[in-house]
Amino acid sequence: MGKKVKKEVEPPPKDVFDPLLIESKTAATVVLMLSSPENEVLAKACDALYKFASKGDENKVTLLGLGAVEPLYKLISHEDPIVRRNAIMVFGIMASNHDVKKLLRELDVTSSLISQLAPEEDVVIHEFATLCLAHMAVEYTTKVQIFEQGGLEPLIRLLGSPDPDVKKNSVECIYLLVQEFSDLHAEALAVLGNYLEDVHALQLIQQTGGLKKLLSFIGVSTVPDIQKNAAKAITKAAYDSENRKILNEEEVEKYLINLLETDNDEVKVAASQAISAMCENLASKHAFGLQGIPQLVQLLSSDNEEVKEAAVTALANLTAASPRNARAVAEAEGIKPLVNTLNAQRDGAIANAATVLTNLAMQEPFRINIQSHGIMSVLAEPLRSTSSQVQSKAAFTVAAFGCDADARTELRNAGGLRPLVELLCSKNEEVRRNACWAVMVCASDELTAGELCRLDALDILEEINLSTGRKNNFSEAALEKLLDNNLSRKYSQMGYLSSSNIITDGFYDCGQIKPGEKFLSLEQLSMQELTDRRAVIFINAKPQEDLEVEKAQDSSYEQAILSPSISRKGSREKARKSKGKKEEEKSKEVIQITPKVQDEIKLENSQWLPPPDFILLDYINNASKIILPLTTTREQVVALAQGIIEAIDPGIHWNRLVADKMGGPIERDKLHDFSWELHISEIEFELKCNVVPIGKVKKGTFYHRALLFKVIADRIGIGCSLVRGKYNRAWNEVKLVDDSPQGIAGLLLPPHEYIVDLMFAPGFLIKQGNAEADQYKNI
């Protein structure tokens with residue numbers, strides 16, 4: 001009676017569905033309805049069958065016997081999405097039955113199921129399609145079908161599905177597809193690696209035991225493609241920090257280290273790349289350092305350039321910020337092969353070898369060891385590379401080793417400074433920065449700094465520092481370091497020398513250089529014809545080693561200025577050519593240098609040196625005797641600048657050391673009458689040269705006196721600066737501590753800066769910051 005009521009209230013399809021959950025005879029009726037042309041009937045029939053089959057395995061067998069599988073198979077490709085979805089749901093439930101699976105294999109349903117894994121399909125379809133495939137993948141023949149029909153890739157893609165059931169079914173299906181199925185291992189791993197970057201997918205694989213299975217391929221398989229693709233899968237997964245933690249928990253390191261000892265080069269490359277990726281995890285870096293470094297070092301000697309590159313890249317990552325691993329590389333005798341790798345054919349190998357050597361150089365014993373292998377000579381070639389990566393790393397390595405004087409000499413002799421300077425002009429910011437850094441380090445000695453200047457490093461750095469887009473901290477520091485080792489140019493350009501800028505022999509003051517004007521060497525200036533421009537004042541108090549030459553030059557000082565003397569080396573060369581001559585004849589020949597002989601010497605690449613200034617040498621020697629015994633810096637400064645000072649030997653007095661050598665004190669209102677210009681011009685005319693030794697100047701103004709004061713002060717250890725002002729002004733600044741206020745003993749006061757008066761009241765100290773100081777500077 002109830003059935004009749006339902007038929008009067010509900011549509012006909014509903015009247016058919018209600019009893020199907022109870023009576024199997026009605027199930028047969030619903031199976032017949034799977035052939036209905038109406039979509040609504042089909043959808044509800046499939047839904048009813050799904051509920052019926054969910055009750056247990058017996059119902060699944062019943063439906064199989066009623067012939068439900070064949071019409072359901074047709075409906076999983078139905079155009080209506082609801083019908084298609086409900087039909088696949090029935091398949092997903094029924095496929096757990098062995099007999100049903102057998103029929104499904106015969107019907108070849110895998111292709112239709114795989115087509116339902118498209119990204120645009122409903123998540124319910126994904127869930128039951130993957131469930132059905134997972135049930136069927138336990139059979140070998142179905143595995144082949146799924147793989148050949150392209151089912152592996154969409155299954156792996158669904159590892160990223162937001163639905164947990166879809167993920168679970170996909171993982172189980174993939175796991176079944178690759179389980180000891182050696183023909184599919186390599187390909188499956190290759191595809192799987194593309195999706196392991198997702199941490200959730202890796203976690204699912206770990207939870208289902210798939211990760212251990214993946215690693216077991218590395219441990220037990222001897223098939224190179226399987227080992228290679230497994231390592232590549234690990235590499236892709238290791239790009240994520242959470243993935244690296246998971247892989248570390250599974251002790252992936254020991255598997256990768258084992259792969260380094262295989263006979264296949266592709267496997268070695270893949271394993272090295274995986275090690276590089278895993279190094280981001282500190283625990284993994286430590287594990288590789290304990291066991292993997294010796295194997296990687298051995299690979300540096302491989303004939304395969306790709307193997308060599310992969311191995312040295314792994315070593316670069318292992319030794320980054322890891323002194324322990326750097327030590328392990330050295331202990332594995334890796335220094336020599338690393339230096340050899342700088343001559344490799346691949347840019348990546350060269351760049352990473354330079355990186356490893358730089359990492360090792362952080363520990364002095366290893367730096368010294370590396371230098372003994374001639375690294376600076378080897379680096380000259382990478383500096384010439386066209387690869388910005390190689391250029392950058394090579395310059396960085398030069399900076400790491402350039403702190404040693406012998407290393408700088410080696411680089412200089414190998415011709416490495418020229419390509420280094422050329423890198424300053426690079427358009428690549430990192431290359432330019434590292435080149436500036438290397439130049440800054442290499443400019444630590446005068447010879448190297450001089451060579452860098454000769455190669456126009458100063459001009460290039462000045463141009464860089466004028467550009468807000470190209471300059472960097474190292475470019476500014478490099479310029480300053482070069483100038484600190486080329487004080488003549490620094491004073492000419494910047495008009496300032498600090499107390500740490502010690503003036504040595506060979507310094508010269510050619511005045512303030514104008515922007516864009518080329519800075520000439522002292523030799524070039526000495527070769528110019530006599531002009532009416534400002535004289536160049538040079539410093540050279542170094543005594544001549546050859547006594548005969550020294551005496552002769554002292555007696556013919558003007559001739560030596562006119563025809564600058566040659567170096568001792570040049571003298572010996574000339575002497576060797578004059579066999580049969582007596583010693584005094586050879587000495588005379590050295591002194592009286594004719595233009596012809598000068599040309600011969602230049603052809604022999606003799607080093608030009610300015611003649612010694614024995615007058616200046618006497619100044620320095622005398623100052624040492626009378627200044628050094630004084631107890632305070634203040635007394636020494638005043639004495640050097642001003643006084644008639646009693647020498648150590650009682651009864652002996654010295655004239656004013658600086659002021660009196662330069663014409664004595666000058667009254668302010670008579671400064672314009674102090675004809676120092678005429679005096680300097682007379683010296684230039686006498687020497688027939690624009691270059692004048694400071695000892696020759698007996699009537700000097702501010703800048704002559706300030707220079708002489710700094711020269712002598714530097715030689716006897718008094719700290720002072722030299723500052724150039726306008727209108728031929730220059731002065732010295734010293735830092736002195738004032739006496740403690742009366743009644744307060746032992747009070748430590750900060751030092752004050754004073755200007756040393758060398759013109760008006762020699763020896764008077766003018767405190768910086770007041771009007772008198774400004775007046776002295778003529779500001």
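This briefing describes the confidence, cores, sheet, a helix and salt bridges of the structure above. The model is predicted. The mean pLDDT of its protein chain is 84, and its largest nonpolar core has 161 residues. The salt bridges number 23.

**Confidence**

- A pLDDT of 70 or more is reached by 82% of the residues of the protein chain.
- Residues 1–24 have a pLDDT below 50. Beyond near neighbours in sequence, this stretch has 26 contacts in the model.
- Residues 546–606 likewise form a stretch over which pLDDT stays under 50. The model has 69 contacts for this stretch beyond four places in sequence.

**Nonpolar cores**

- Within the largest nonpolar core, the residues with the most contacts are Leu-256, Leu-424 and Leu-482.
- Residues up to four places away in sequence aside, Leu-482 touches Val-439, Ala-443, Ala-449, Leu-452, Cys-453, Ala-457, Leu-458 and Leu-461.

**The three-stranded sheet**

- Three strands form an open sheet in the order β2-β3-β6, and their pairing is mixed.
- Strands β2 (508–509) and β6 (691–693) are the edge strands, each of which pairs on one side only.
- Strand β3 covers residues 536–538 and is joined to β2 by two bridges, the two strands running antiparallel.
- Tyr-508 has Phe-538 of β3 as its bridge partner.

**Helix α46**

- Helix α46 consists of 15 residues, 702–716. At 1.5 Å a residue it should span 21 Å, and this agrees with its end C-alpha atoms, which are 21 Å apart.
- The helix is largely enclosed by the rest of the structure, because 14 of its 15 residues are buried.

**Salt bridge between Glu-266 and Lys-228**

- The side chains of Glu-266 and Lys-228 form a salt bridge with an N to O distance of 3.3 Å.
- Glu-266 belongs to helix α20 (residues 265–278) and Lys-228 to helix α17 (residues 224–237), so this pair ties together parts that are 38 residues apart in sequence.
- Glu-266 has a relative accessible area of 46% and is therefore partly exposed. Lys-228, with a relative accessible area of 15%, is buried.
- Both residues also take part in a network of salt bridges that links them with Asp-225.

**Salt bridge between Glu-309 and Arg-346**

- Glu-309 and Arg-346 form a salt bridge in which the closest N and O atoms are 2.4 Å apart.
- Glu-309 is in helix α23 (residues 305–319), whereas Arg-346 is in the loop between α25 (335–341) and α26 (347–360); the pair therefore ties together parts that are 37 residues apart in sequence.
- Glu-309 counts as buried because its relative accessible area of 19% is under 20%. Arg-346 is partly exposed, at 34% relative accessibility.

**Salt bridge between Lys-490 and Asp-484**

- A salt bridge of 2.6 Å, N to O, joins the side chains of Lys-490 and Asp-484.
- Lys-490 is buried, at 6% relative accessibility. Asp-484 has a relative accessible area of 26% and is partly exposed.

Methods. Residues are numbered from 1 along each chain as its sequence is written. This is a predicted model: local features need pLDDT of at least 70, side-chain atom pairs count only at pLDDT 80 or more; totals for chains, interfaces and linings use all residues. Side-chain values use heavy atoms; hydrogens and water are left out. A nonpolar core is a set of buried Ala, Val, Leu, Ile, Met, Phe, Trp, Tyr and Cys residues joined through side-chain atoms within 4.5 Å. Buried means under 20% relative accessible area, exposed over 50%, partly exposed in between (1.4 Å probe, protein chains only). Contact means heavy atoms within 4.5 Å. Two strands pair if DSSP finds at least two bridges between them. Helices (H or I, at least four residues) and strands (E, at least two) are DSSP runs, numbered from the N terminus. The expected span of a helix is 1.5 Å times one less than its number of residues. pLDDT is the predictor's confidence in each residue, from 0 to 100. A salt bridge is a side-chain nitrogen of Lys or Arg within 4 Å of a carboxyl oxygen of Asp or Glu.
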